[in-house]
Amino acid sequence: MLRIITQSAEINTELQRIRDRPYRDEIQAKEVAVGEILERIKHQGDQGLFEPFDSLTTPTYLKVSGSDLDAAYQKIPKELLDAIQTVSQKLESFYKQQLPKPWVKFEDDEVVVGKRYTPVKRAGIYVAWDQASPMSRVLMQTLPAKIAKVPEIILVTPPDETGQVPPDILVAAQVSGVNQIYRMGGAKAIAALAYGTETIPQVDVITGTGGLDVILAKRMVHGTVTIDTPVDASELFIIADATAKASHIAADLLAQVEQDPSSAVIVLTTDVSLAQNLQTKVQEKLQDNVHGILCEKAIAHYSLIIVVDSLEQAINLTNQFAPHYLMLALAEPWDIVEKIRAVGSLFLGHHTPKAIGDYLGTGGVILPPSGLIRYASSVRVETFLKPSHLIEYSPTALKKLANALEILALAEGLPGTADAMNLRLMEGEDYQ
C-alpha cells in the first residue's frame, strides 16, 4: 500500500530511511569477493577471467563476431529498428549541444590563454541487459562518446542463458557507434576494462551500472580509470498541486518502479484530496500491471505520498534529498524552477512524463546516487573528454607579473618557483 504521511518527524525519518536503503547490508560481504576478482584479473589477464566449469571457455567466445552483428538485424522487428534509429538521431542532436567549444583569447602584451578538449583514447561501456531499458542504456552511454569522437568504444554485456547477447542490444550498439562488443558481465567485466587482458583492451573511462558487484568494482578501480559517478538506486520526486491528475501521477509512479524495483517515488502535495485519489489509483493500476507483485512490494517499501503545508516545504524537502528526477506537476511549474537547486533532471508541466527523458537523453540514464546530485551529474559528452589549458606569456608580460609571483612563491616557501621565473627574466633577451 502506498502510504500517506503528514507529520514532520515521520517525514524526516522516512526520507532518511529511503535515502539509506540501497545495499547497505550487502556491501561488506561483497567487497572482499569483488576485490579478489579484481586482483586475479589484474595479475592473470585472460586466465583470471576463466574458471572451471565457466561457460566462457575461450577468448574467442568473448568477442561478438561480425556474423553475430549482421544476424542481429534479422532478428528484430523492422518497427523496433526504426524506433532505435529515430531515438538515436534525436539523442545525437541533443548531445551535440553538450559538446564544449575550445577557445583562445589573445590578451595584452602577447599573452595567449585558451582551453581545448581532447577525447579519451578508449571508452568502456557496461550494459546489464537484464535491467530495465537496456537499449536506452546503450544509446545514452555510447552516443556521448561518439559525439566526443572517442576513437574506440568498447561495450561489455553479460550473455543470456544461451550464451548470446540479445539482438536488440547488438543493433543499438551498432547504430550508436560501438567498435567492439564482448560477452562478459559483473565485476570480471569491470576488471577486464580497467586493467586490460590479452583479449579485452584497457580503457580510459568506464560508464554503466549493474548489480552491487559492478558498483563496488567500479569504485575500486576508480583511479586506475575514470568512472562515471557510482550509482545506487534512483529516486523520482513529484511535486503536484490540485491541477494534477491522480491517474497520470499513478502511471508515472508505476513506470518508475517497474524500471527499477529499488526505486523510490515520493509525491509531495498540498492537496489532501489528490493524495487520497492517488493512493486509490495506484492500487487500481497495480491490479492490471504485469509486474504487480514486484511493484507492490517496492511501493510499500520505498514510495510515499507526503502532504505538505506549502509549496515551499515541498521545495525544501526536495533540495535536502537531492533526488535524481523531479517532476513538477503544477499549473505554473516555471514559477519555482529557480528555487530547485539539487536534482539530476527536471520535468515540467502536466504533459512531460519522465519517459521523455528515459528515451531521449534529457533524463540522464546513468545518474549518481541521491545526495551526490548536489555536485555530480549524469553521463554526458564531457565524461569522455579531457580538458587542457593553453597558456603562453611573452617576456614583457612575464616581467610585469614576475614581482608579484615571486613574492607569493617566497611567502609559500617555494624558492625554486621564484627562481624559475627570475632566470627567464635575466635571460629573456636570449629568447628573442
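R424 counts as partly exposed, because its relative accessibility is 48% and the exposed label needs over 50%. Keep in mind that you're looking at a predicted model. You'll find R424 in helix α17, which runs over residues 415–426. Follow its side chain and you'll see that it reaches the backbone oxygen of A420, at 2.8 Å. Now look for K399: it sits 25 residues away from R424 along the chain, yet the C-alpha atoms of the two are separated by 9.0 Å.

Next up is helix α16, which covers residues 395–411. Count along this helix and you get 17 residues, reaching 24 Å from the first C-alpha to the last. That's close to the 24 Å expected at 1.5 Å a residue. Still, α16 has a kink of about 45 degrees, and the kink is centred on A402.

Now for the surface. I391, Y393, L401, L405 and L408 form a nonpolar patch there, with about 470 Å² of accessible area together. Helix α16 gives the largest share of this patch, 3 residues. Take L405, which lies in α16: at 32% relative accessibility, L405 counts as partly exposed, because that label covers values between the 20% and 50% cut-offs.

Definitions and conventions. Residues numbered from 1 in each chain as written. Predicted model: local features only at pLDDT ≥ 70, side-chain atom pairs only at ≥ 80, totals over all residues. Heavy atoms only, no water. Helix = DSSP H or I, 4+ residues; strand = E, 2+ residues; numbered from the N terminus. Buried < 20%, exposed > 50% of the residue type's maximum accessible area, 1.4 Å probe, protein only. Polar contact = N/O pair within 3.5 Å; in protein donor to acceptor, adjacent residues only side chain to side chain. Patch = residues over 30% accessible without salt bridge, like charges linked within 9 Å, V, L, I, M, F, W, Y side chains within 5 Å. Areas by Shrake-Rupley, 256 points an atom, 1.4 Å probe, with all protein chains shown as cover. Salt bridge = Lys/Arg side-chain N within 4 Å of Asp/Glu carboxyl O. Expected span 1.5 Å × (residues − 1). Bend = angle between axes of the 7 residues up to and from the residue.
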